[in-house]
Each structure stands twice: as C-alpha cells, then as structure tokens.
Amino acid sequence: MMSKIEEVKALLEVGKAKLVPGLVQEALTEGNAAKDILEAMVDTMRVVGDKFSAGEIFVPEMLMAAKAMSKGVDVLKPLFAGQSTSSLGTCIIGTVEGDLHDIGKNLVSMMIGSAGFDMVDLGVDVSATKFVEAIKENKNVSIVACSGLLTTTMTKMQETVQTLKSSGLTGFKVIVGGAPVSAEFAASIGADGFAPDAGSAAVKAVELAKNLK
C-alpha cells in the first residue's frame with residue numbers, strides 16, 4: 001500500500017491541486033512530520049522539473065504541479081509558525097538588464113514561491129542597481145535570482161552578480177539561470193548557485209536559504 005506521503009507525491013506530480021491539500025492533511029494525521037512532507041513535495045518538484053527539462057511535460061503541466069505544490073504548502077505553513085523554517089525569507093527575482101524574457105522567470109518565480117519563499121518579482125530588463133535597491137527595500141531577503149536567456153546579456157548578469165556581491169549588503173545568496181547559463185559560468189561570475197530549470201531552482205533556493213540560517 002502506498003504511504004500517504006507517496007500519495008501526495010503521486011498527485012502532486014500530475015498537478016491535482018484540489019486533492020493535494022486533503023492528502024497532506026491525511027499524511028499529517030498519520031503522524032508524518034510537516035518537514036518530511038515538505039521535503040517529499042520538493043523532491044517531486046525536482047522530478048517535475050527534470051521531466052520538463054527533458055521535454056516529457058510542458059509548461060501547463062509544470063504550472064499545474066506548481067499550483068498543487070503551493071496549495072499543499074499552505075496546509076503546512078501554520079505548522080512551521082514560529083520556527084525558522086516558517087519562511088525561507090524573501091526571494092527577489094528578475095530578468096537581467098537588456099533581456100525581456102519572462103516565461104522562464106515566471107515559472108521559476110512560481111516554483112520558488114511554492115517552496116515557501118515570499119516572492120518579489122522585479123520583472124524584466126532589471127538593472128543591477130534595481131536588484132540592490134530591492135534588497136534594501138524588502139525585509140529578510142535570503143535569495144536573489146537573476147534570469148537571462150540571451151547570450152548577449154550574460155555580461156549584464158556578471159555585472160549584476162558583482163554589484164550585488166560588492167554592495168556591502170549581506171545575508172543573501174545569488175542564484176542565476178537561463179538557457180545560456182552553465183554551472184561553470186555561474187561559478188566564474190561569483191554566483192552562489194545555478195539552476196538549469198525551474199524545479200531545480202526551487203530546490204537550490206531552499207538549500208541555499210537553509211544554509212544561511
């Protein structure tokens with residue numbers, strides 16, 4: 001027989017947003033820790049992300065899974081109240097200056113948000129200064145996510161990361177992503193993390209934010 005956590009994972013993967021909250025509740029009643037359920041859901045999102053990267057599923061399926069995830073996370077949120085895990089902090093996301101792509105960024109924003117971050121989406125064509133200002137204007141910023149899809153804007157991404165790193169502001173990690181971005185490139189420009197797709201971006205953001213604590 002499938003455990004309740006496995007049922008949550010199975011339904012989450014196919015984006016059953018109406019059924020996931022009830023099952024999450026059942027998994028809790030069965031005695032599973034909220035943390036374990038959340039981790040299981042994040043793992044499932046990684047699977048969804050991998051399938052998306054491999055072209056096995058497409059944006060609609062990905063969005064349905066993200067919606068189901070955030071509905072499931074809503075059930076768990078009150079249980080984390082008062083604990084440091086309640087919120088992983090604020091994630092500021094934007095597409096770097098000179099780049100107007102937003103579908104990928106919106107997906108990433110949704111996935112990171114569904115993992116338990118408060119999202120501040122700066123939109124597209126965001127200058128390095130704007131990223132820095134957003135960190136100052138928002139409380140508890142733990143992650144800054146910079147997206148770029150054009151090879152031509154890679155220098156802007158580098159500039160943004162360097163501006164963030166030398167801003168004198170602390171307490172946050174920078175992750176980068178987008179089609180032309182590789183782990184090597186991310187490391188070479190001084191980013192703290194890189195994600196090839198929306199699912200892994202959420203996993204990476206959680207990982208980095210937890211290590212900040």
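Buried, in this report, means under 20% relative accessible area, exposed means over 50%, and partly exposed is what falls in between (1.4 Å probe, protein chains only).

## Ground rules

This is a predicted model, in which local features need pLDDT of at least 70 and side-chain atom pairs count only at pLDDT 80 or more, while totals for chains, interfaces and linings use all residues. Residues are numbered from 1 along each chain as its sequence is written, and side-chain values use heavy atoms, with hydrogens and water left out.

Let's start with cysteine 91. At 0% relative accessibility, it counts as buried. Cysteine 146 is buried too, with a relative accessible area of 2%.

The cut-off used here is a pair of cysteine sulfur atoms within 2.5 Å, and a search of the whole structure turns up zero disulfides. Cysteine 91 is in no disulfide, and its nearest cysteine sulfur, that of cysteine 146, is 9.4 Å away. Seen from cysteine 146, the closest cysteine sulfur is in cysteine 91, and 9.4 Å is too far for a bond.

## Overall build

The protein chain has nine helices and five strands; these are DSSP runs numbered from the N terminus, with helices being H or I of at least four residues and strands being E of at least two. Reading from the N terminus, the order is α-α-α-α-β-α-β-α-β-α-β-α-β-α.

As for size, the C-alpha trace spans about 50 × 40 × 25 Å along its principal axes. A compact globule of 213 residues would have a radius of gyration near 17 Å, and the protein chain agrees, with 17 Å. (That radius is taken over C-alpha atoms, and the globule rule is 2.2 Å times the number of residues to the power 0.38.) Of the 213 residues, 46% count as buried. Take the contacts (heavy atoms within 4.5 Å) between residues at least 6 apart in sequence: 73% of them join residues at least 24 apart.

## The largest pocket

The largest pocket has a volume of about 390 Å³. On a 1 Å grid over the protein atoms alone, a pocket is an open set of points where a 1.4 Å probe fits, with protein on both sides within 12 Å along at least five of seven lines; lining residues have an atom within 4 Å of a point. Grid points are joined across faces, edges and corners, and the volume is the space filled by probe spheres set on the points.

There are 22 lining residues, and Gly104, Val108, Gly178, Pro196 and Asp197 lie nearest the centre. The elements giving two or more residues to this lining are α5 (103-114), β3 (141-147), β4 (173-177) and α9 (198-212), with α5 supplying the largest share, five residues.

## Spots worth a look

Lysine 156 sits in helix α7 (residues 154-165) and is partly exposed, at 26% relative accessibility. Setting aside neighbours within four places in sequence, lysine 156 is in contact with Val96 and Glu97. Its C-alpha is 8.2 Å from that of serine 127, 29 residues apart along the chain.

Now for some backbone angles. Most residues other than glycine have a negative phi. Aspartate 125, however, has a positive phi near 55°; it is found in the loop between β2 (118-121) and α6 (128-137) and is partly exposed at 38%. Asparagine 140 also has a positive phi, near 60°. Asparagine 140 lies in the loop between α6 and β3 and counts as exposed, with 53% relative accessibility.
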